[in-house]
Amino acid sequence: MARITLDGIAHAYSGKPQSDKDYALKPLHHVWEQGQAYALLGPSGCGKTTLLNIISGLVIPSEGRLLFDDVDVTRLSTEKRNIAQVFQFPVIYDTMTVAQNLAFPLKNRRMDKALIDSRVTEIAQMLDLTRDLNRRARGLTADAKQKISLGRGLVRSDVSAVLFDEPLTVIDPALKWELRSKLKAVHRALNLLMIYVTHDQIEALTFADKVVVMNDGRAVQIGTPSELFERPDHTFVGYFIGSPGMNLLPAKVSGTRAQVEGGEIQLGAAYPAQPNDKRIHIGVRPEYATLTAGAGLPVKVKRIADLGRKRLAYLSLGGQSLVASVPNGMEGIAGDAKVAFDPSRTLVYADDIRVEGTAP
Amino acid sequence: MTSKPVNNYAWFFVLPVLAFVMFSSIIPAMTVVNYSVQDTLGANSFFWNGDVAFRSLLDPTTEIGARFNDALFRTLAFSLTCLAIEVPLGILVALSLPRQGWAVGISLVLIALPMLIPWNVIGTIWQIFTRADIGLFGASLVGMGLPYNVTQNTVSAWSTIVVIDVWHWTPLVVLLSYAGLRAIPDAYYQAARIDGASRWATFANIELPKLQKVLVIAILLRFMQTFMIYTEPFVVTGGGPGSATTFLSIDLVKIALGQVDLGNGAAMSLVYYLITLTVCWVFYTIMTQLERRRDA
């Protein structure tokens, strides 16, 4: 039970970073609150596993301090940190039964036998492993093995945090949902700080209270799932989260108006003038860009994708491509059309960073 | 499956191998079987002897039986001594080898060197090395006041042959174990650290179970080779002092080629072969059965 503070944590595997590029993880300040579920989300190689391994002590950061509550643990070994970690592939102890596997972390810490037994029973119940407790672990299926790994991570009640490194990669898609909701339930029941690494946005958004989106060694935004969806701070978050991602169109912005590909649109706020050398984009999610029979930007329809419960239109606007929603009941869409953006959901980015507007 | 056309043409492709095995193994082996049921009074005239050679070989009250019995126990003791030293030592060395960096290649090559030296050279090296008068090893031990003499002292002779085998073949166990250890994913070690496992617990619960398969192979190979040991005692001790290091293979050569007793020699080599085969088969079956039962 603890709060974990990252104080300027950065890491370069080469040892001596010369430039920004050498960092696998760029300097990061963040406080992980007790009892919360966090997800680290980003593409492969973005530094999320590095960050996780720094917290668990498998990697010692080249810069910064790591605090558990108020204790500096930056250089403490993994064993002394009181951390549990679940890995991408199931790690089980072949020669032991399921129960012995679950008891192993407790036994190594010389806990009382009765206490171990009650704890193992409790965790086995949470993860539906009770029937298999006395079986050898090695004969089980991959997802049962991964449940054992999860169980070993959760069995210690005194851990500062439980870290998950893409734990559902090897699990069958059908079972993924089940295990994920199980994890969510376990999180609620145990009131632990959990940090969950994934490259799957659905997994991150459904599991976590707060999501840290990472790209290229940098945490680009930390927020709740709806913050990430509604107000991405960075164009990367805009197109990485959401499917399809946010439309980004080069624009000229003055006050509450924006010029896009020869047309003009209304914005939900007034924006200060930006320096000329910055690349200015407007960003609008396909959910808030709709084809319209009324006034809007003139576009050409390239194709319509029918997703069942909604339809998406792939459009070209001048030289730019964008995706918009098709309102229910609109038929005969082909060739020329008009698209309208919801002004309050149309955001402005300067050099990929969101610009805060002022009320008009 | 049944709808597939079935023919036996594939057997034609196996024929060359069968022919080769016929001439390289089966016919020579049958020659030995043939000799084992005959006896000779010389002048290349043989007569039927039935199972007499086998009976006397397996009966410790006969001269040849007692001799066989002694040599068999000597050889078994030698094999077990070598296994008891080489397997744990091999694992220990494999565990302490570097896992990455430039030192890996160098240490592996250095460790593998003894295995690359031809058998008779090994014997000659050690014969000179252990001489009590001029050998570095032998003379040093004598200089320290130890009663070391390969040709006269039973303990010296025995321990020297064991030391040679350990020096020569522990590298095999090291290389096999090292390969087995390298195949263990890092996550296992990381999980063990997070679970707070001690060094011993990590070895007993992760490394040893994962090494089981390569160790079965290592033990089989080492058993077969130590059970058939010939060159080292032949060159270094000549089977002596007395018959202290006369292992089965040495005795076999003495009977078959030294005394030209082809009947007894053939019977002995067949029994020798069957013992090796049986021990290996039993060991292998037990180990694989254990594995299967564990999976169930």
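Reader: How many residues of chain B are in contact with chain A?
Author: In chain B, 18 residues are in contact with 22 residues of chain A; contact is counted when the C-beta atoms of two residues, placed from the backbone, lie within 7 Å. This is a predicted model, in which local features need pLDDT of at least 70 and side-chain atom pairs count only at pLDDT 80 or more, while totals for chains, interfaces and linings use all residues. Residues are numbered from 1 along each chain as its sequence is written, and chains are lettered from A and ligands numbered from 1 in the order in which they are written.

Reader: Which helix supplies the largest share of the chain B side?
Author: Helix α8(B) does, with six residues. α8 (186-194), α9 (199-227) and α12 (262-295) of chain B each supply at least two residues of that side. Helices (H or I, at least four residues) and strands (E, at least two) are DSSP runs, numbered from the N terminus.

Reader: And how do the residues of that side divide?
Author: They divide into ten nonpolar, four polar and four charged. Ala, Val, Leu, Ile, Met, Phe, Trp, Tyr, Cys and Pro count as nonpolar, Asp, Glu, Lys and Arg as charged, and the others, Gly among them, as polar.

Reader: Turning to chain A, what is the strand order in its open sheet?
Author: The six strands run β6-β7-β8-β3-β9-β10, with mixed pairing; two strands pair if DSSP finds at least two bridges between them. At the edges are β6 (83-86) and β10 (218-223) of chain A, each pairing on one side only.

Reader: In which sense do β7 and β8 of chain A pair, parallel or antiparallel?
Author: β7 (residues 161-165) and β8 (residues 194-198) of chain A are parallel, over four bridges. Within this pair, A:V162 stands opposite A:M194.

Reader: Which strands does helix α5 of chain A touch?
Author: Helix α5 (residues 142-154) of chain A packs on the sheet and touches β6 and β7 of chain A.

Reader: Now helix α3 of chain A: how many of its residues are buried?
Author: Eight of its eleven residues, 98-108, are buried, so α3(A) is mostly covered. Buried means that 20 or more other C-beta atoms, placed from the backbone, lie within 10 Å of the residue's own. Among the buried residues are A:L102, A:F104 and A:L106.

Reader: What do they pack against?
Author: The buried residues of α3(A) pack against α4 (113-126) and α5 of chain A. After α3(A) comes A:R110, with a positive phi near 55°.

Notes:
Axes fitted to C-alpha atoms, helices over the stretch in contact; angles between N-to-C directions. Buried ≥ 20, exposed ≤ 12 C-beta atoms within 10 Å, placed from the backbone.
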